[in-house]
Amino acid sequence: MATPSVRTFTRSEILNAEALSDAKKDAEAPFLMIIDNKVYDVREFVPDHPGGSVILTHVGKDGTDVFDTFHPEAAWETLANFYVGDIAENDRAIKNDDFAAEVRKLRTLFQSLGYYDSSKAYYAFKVSFNLCLWGLSTFIVAQWGQTSTIATIVSATILGLFWQQCGWLAHDFLHHQVFQDRFWGDLFGAFLGGVCQGFSSSWWKDKHNTHHAAPNVHGEDPDIDTHPLLTWSEHALEMFSDVPDEELTRMWSRFMVLNQTWFYFPILSFARLSWCLQSILFVLPNGQAHKPSGARVPISVVEQLSLAMHWTWYFATMFLFIKDPVNMIVYFLVSQAVCGNLLAIVFSLNHNGMPVISKEEAVDMDFFTKQIITGRDVHPGLFANWFTGGLNYQIEHHLFPSMPRHNFSKIQPAVESLCKKYGVRYHTTGMIDGTAEVFARLNDVSKAASKMGKST
């Protein structure tokens with residue numbers, strides 16, 4: 001890589017909500033971002049970034065806190081290769097925001113207390129228990145799948161639960177909560193996420209890390225980019241006007257939004273199939289053709305094989321142990337629907353129904369506040385902690401994503417207390433009340449869409 005010329009920048013030269021879209025139009029334009037008052041051009045690094053294209057979410061922004069949150073110390077050496085200058089001394093951001101400064105102090109305190117160290121015994125038990133679910137599901141269908149529809153349904157239900165729990169474990173390993181050596185985290189993540197669950201690790205990192213960097217930011221967070229199937233804010237209703245000449249498309253979109261509270265669970269039933277399909281497309285040779293060439297993630301043959309292995313064992317189970325074609329269809333649909341609902345119910349509890357913010361609002365908001373006000377904690381308990389994979393501590397996870405889930409209960413009081421001290425909204429509720437909030441948001445957006453229709 002050629003050594004770039006080093007120069008002095010003003011913050012206004014870098015901070016631009018449309019910087020990324022402008023740079024994408026010019027193949028030679030730099031991807032500039034600020035980290036600790038230094039300026040870096042990361043355009044050449046995007047394809048090699050281990051976290052995927054999440055790095056693009058902070059082009060034209062100050063990425064200091066997001067960089068510190070997600071990266072080990074060794075990452076600074078890599079970042080130095082893309083250094084192109086400094087922010088002028090009279091224009092530098094000083095880390096004097098009291099709330100953000102105290103969150104950084106908490107992170108340092110938690111590191112010193114060993115809260116970032118995982119219990120290998122805990123995760124060995126979690127993985128073993130989960131594999132037992134897989135074994136139980138297979139045993140039931142092998143013993144009674146040829147003769148009993150009920151056994152087929154029970155086996156498929158347990159399989160759907162197995163997939164859901166695999167999702168949480170793969171999430172932990174790929175966030176590097178378990179191993180400091182990222183090779184092992186990626187390896188276990190590929191096994192649990194790819195072979196067991198059928199999700200591409202690279203697809204997941206690309207999608208999920210972007211969500212972490214821009215939670216509930218309209219136009220940036222892929223987790224709320226589900227219009228018109230599910231529409232989470234009035235921002236997305238602007239899309240009604242994007243297809244003025246396609247009346248059927250507009251009518252279908254409007255119908256879905258107006259009735260989305262009724263379609264919520266049926267749509268979730270197909271969520272896993274959608275994510276599996278997205279994973280398969282992502283790892284195909286031309287699966288990322290929609291992305292700018294510099295933003296495409298390299299895919300290994302091992303990752304492609306992991307997905308092939310998943311579908312091989314899944315279909316082999318059906319064809320070996322279920323002879324009735326109707327029961328095969330039942331097994332397939334029940335397992336997919338159970339997993340889709342169990343995964344998506346937790347995802348919705350995490351953020352849906354919480355504030356959705358615009359790109360402009362996000363630029364003016366510090367990284368930590370953005371994580372907190374868009375997240376929802378769910379009251380802890382043996383069932384809630386297990387069912388959600390620890391993601392009921394959603395706010396704590398977003399603030400400290402590489403901390404093992406079994407330590408969230410230790411830090412939750414300190415995080416909530418700090419939020420109260422500075423008047424930052426910290427929202428926690430029960431699973432039922434949280435789900436009710438999700439439905440309330442869907443209903444509010446439906447009413448807004450109805451009013452829009454009456455005014456046009």
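This note describes the fold, the open sheet, a hairpin, a loop and a surface patch of the structure above.

1. Basis of the note. The structure is a predicted model, in which local features need pLDDT of at least 70 and side-chain atom pairs count only at pLDDT 80 or more, whereas totals for chains, interfaces and linings use all residues. Residues are numbered from 1 along each chain as its sequence is written, and side-chain values use heavy atoms, with hydrogens and water left out.

2. Overall form. The protein chain comprises 20 helices and six strands; helices (H or I, at least four residues) and strands (E, at least two) are DSSP runs, numbered from the N terminus. Its radius of gyration is 23 Å, close to the 23 Å that the globule rule gives for 456 residues, so the chain is as compact as a globular protein of that length. Here the radius of gyration is taken over C-alpha atoms, and the globule rule is 2.2 Å times the number of residues to the power 0.38. Along the principal axes, the C-alpha atoms fill a box of roughly 80 × 60 × 50 Å. Of the 456 residues, 52% are buried; buried means under 20% relative accessible area, exposed means over 50%, and partly exposed lies in between (1.4 Å probe, protein chains only).

3. The open sheet. An open sheet of four strands has the order S1-S4-S3-S2, with mixed pairing. Strands S1 (7-9) and S2 (32-35) stand at the edges with a single partner strand each, so one side of each is left without a neighbour in the sheet. From one strand to the next, the twist averages 35°; axes are lines fitted to C-alpha atoms, for helices over the stretch in contact, and angles run from 0 to 180 degrees between N-to-C directions. Two strands are taken to pair if DSSP finds at least two bridges between them.

4. Strand S4 and its partners. S1 and S4 run parallel and are joined by three bridges, with Gly 85 of S4 as the bridge partner of Arg 7. S4 (residues 83-87) also pairs with S3 (residues 38-41), in the antiparallel sense and over three bridges. In that setting, Lys 38 has Asp 86 in S4 as its bridge partner. Four of the five residues of S4 are buried, so this strand is largely enclosed by the rest of the structure.

5. S2 and S3 run antiparallel and are joined by four bridges; Leu 32 has Asp 41 in S3 as its bridge partner. Leu 32 and Ile 34 point one way from S2, Met 33 and Ile 35 point the other way, and all are buried. S2 and S3 form a hairpin with two residues between them.

6. The turn of the hairpin. Asp 36 lies in the loop between S2 and S3 and has a phi near 55°, a positive value in a residue other than glycine. Asn 37 is found in the loop between S2 and S3, and its phi, near 65°, is also positive in a residue other than glycine. Asp 36 is partly exposed, with a relative accessible area of 40%, whereas Asn 37 is buried, at 14%.

7. A cis peptide bond. The peptide bond from His 227 to Pro 228 is cis, with omega near 5°. Pro 228 belongs to the loop between helix H9 (201-213) and helix H10 (247-258). Arg 250 is in helix H10 and is partly exposed, with a relative accessible area of 29%. The C-alpha atoms of Arg 250 and Pro 228 are separated by 9.7 Å, the two residues being 22 residues apart along the chain.

8. A nonpolar patch. On the surface, Phe 183, Trp 184, Leu 187 and Phe 188 form a nonpolar patch with about 390 Å² of accessible area together. Patches are made of residues with over 30% relative accessible area and no salt bridge, like charges being joined within 9 Å and nonpolar side chains (Val, Leu, Ile, Met, Phe, Trp, Tyr) within 5 Å. A salt bridge is a side-chain nitrogen of Lys or Arg within 4 Å of a carboxyl oxygen of Asp or Glu. Accessible areas come from the Shrake-Rupley method with a 1.4 Å probe, and for residues only the protein chains shown count as cover. Trp 184 lies in helix H8 (residues 182-196) and is partly exposed, with a relative accessible area of 39%.
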